[in-house]
Amino acid sequence: MSGRHVVAVDLGTTGLKVAVVDPEGRVLGHTGEVLPLVLGDDGSAEQDTEGWWQALGRCVRLALSRADVAGRDIGTITVTSQYSSTVAVRADGTPLAKAVMWMDSRPSAHSPFAASPERAARWAQIHGIVAPNGGRPGQVALYRSGFPDVHRDAAALVEPMDALAARLTGHVTATQNTMFPLGVVDNKVWGSTSYDPELVELAGVDADKLPQLVPLGEPRGVLVASAASHLGLGTDVVVADATVDTVTSAVGTGARLPTRCGLVIGTTSVVATHVPSPRFDVDHGLFTAPSPLPNSWFIVAENGIGGKALDVFVNNLVYPDDGLGPTAPADAFERVLDAAAAVPAGANGVLFLPWLVGSMAPGFDRRLRGAFVNLGLTSTRPDLARAVVEGVALNAGWLIPHVTALAGSSDRSISLGGGGAAAPLWGQILADVLGADVRRLANPTVTNAHGAALLALVENGAMTWDDADAALSVTEVHHPDPSVAATYRCLLDAFVDAHERWGPTFRILNQRRSDSPPD
């Protein structure tokens, strides 16, 4: 299959993207669809897994058309996705229910660690990280107690990328990489293909609900006939290894070595790099997990809400569909970004806190929420627009030095991908916040899909890692502007101070809200 094209699938928190990539690593065509989140008053956050499958069929066919590539020319399909979400699947990979998403607050009440400090302490001793308050163990417990019929009938409870891979191949598998959020494999040893019985017990998981573990970096199988027909591809198409999207963020930004750092601003912001050994920075919520790259670990550096903050601002505040204002024009985001670009650095004193579902690394507090701070009588919507972009950049600027320190790198420059990288304004503000160069990538909206395709091409022998790095092109390099350095140093200090001081306020405001997890 090394001489044929790759279909790369990126299943994100709020959308699915598909890219067609040639054997030299060039993106020939791509498309995507928005996937609605089903949010409930009880704190639930779910997605329709059948909707994933239908969107995948439409997107693969449209991407092939845009790339002017026939289905028979595809040799490999590969999947990457958001993680720390749970899907109940049958033995053939078909889903039994909606996916419980990573931002769902219900699992916190079901955490196997909540009532047992001893269990949590032992977990931390083994993994080197604090036991999750909710997360995948809590999601599995939620299925068991809240949806007992689904739990009973499930062959396995898996991550989204493994759910799609199972439906493509007709059998359920996973790897040490995709299972790391559940914590049932020793993540300090690279390449393990067996579950640790003690970790399985600590996570409160039924062993018969765990998928078969297969080696990192090896294909998951070939397309079953029903999947091939659905996608318009042949039954000889190889399903490459599936992976969490932080790995493909790293590959798609050229950050496969500790000396390089990538930032992807999609629905969330993720800082990506690789290291040759397990590492931990508990104080800032950073740790490592095994990567499919040989003898490598990626740093788990989830920064929280990124581009979704701008989406919320545009659709909920500037152009809401509530009858109180004008209908959103087709170029709504471009208008808002143009307005933001006309405002000076510092947004005329307005500061935006982007923690719309709680803060993540480097300051973890799920009770925090977003806010516009320091509004005055002369504050304008363009000021707020600029503050949103700056707030997301400040959050990343707070995290990146901790990631590079853990990686042992002195280079604070980054490669920027994701939908946010389509905006030159975001690239320049990040450069000014970091005081370092920012390389804004070409084809940024499919950074993860491109990374998944490059990873698959290396794994099947079609290219080397040097070839993969060379396949990444940069649209623009943003250099820091010394004239605004003092402004952003002051803003970053205020940003971190707000995180420390406002925690009690948000905890009071949210203590009775069902969509806010307990401390």
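Residues are classed by relative accessible area as buried (under 20%), exposed (over 50%) or partly exposed (in between), with a 1.4 Å probe and protein chains only. The model is predicted: local features need pLDDT of at least 70, side-chain atom pairs count only at pLDDT 80 or more, and totals for chains, interfaces and linings use all residues. Residues are numbered from 1 along each chain as its sequence is written, and side-chain values use heavy atoms, with hydrogens and water left out.

Cysteines were examined at the outset. Cys490 is exposed, with a relative accessible area of 55%. Cys59 is buried, at 2% relative accessibility. Zero disulfides (pairs of cysteine sulfur atoms within 2.5 Å) were found in a search of the whole structure.

Helices are DSSP runs of H or I with at least four residues, and strands are runs of E with at least two; both are numbered from the N terminus. Helix H11 covers residues 381-407. The expected span of a helix is 1.5 Å times one less than its number of residues. For the 27 residues of H11 this gives 39 Å, and the end C-alpha atoms are 39 Å apart, in agreement. Of these 27 residues, 22 are buried, so H11 is largely enclosed by the rest of the structure. Trp398 lies in H11 and is buried because its relative accessibility is 13%. H11 kinks by about 25 degrees at Leu399, shortly before Pro401. The bend is the angle between axes fitted to the seven residues ending at a residue and the seven starting there. After H11 comes Gly408, with a positive phi near 80 degrees.

Helix H15 spans residues 485-510. Its 26 residues should span 38 Å; the end C-alpha atoms lie 35 Å apart, which agrees. H15 bends by about 50 degrees at Trp502, and Pro504 follows within four residues. Buried residues of H15 include Tyr488, Leu492, Phe495, His499 and Phe506.

Val130 lies in the loop between helix H2 (117-127) and helix H3 (135-146). Val130 is exposed, at 60% relative accessibility.
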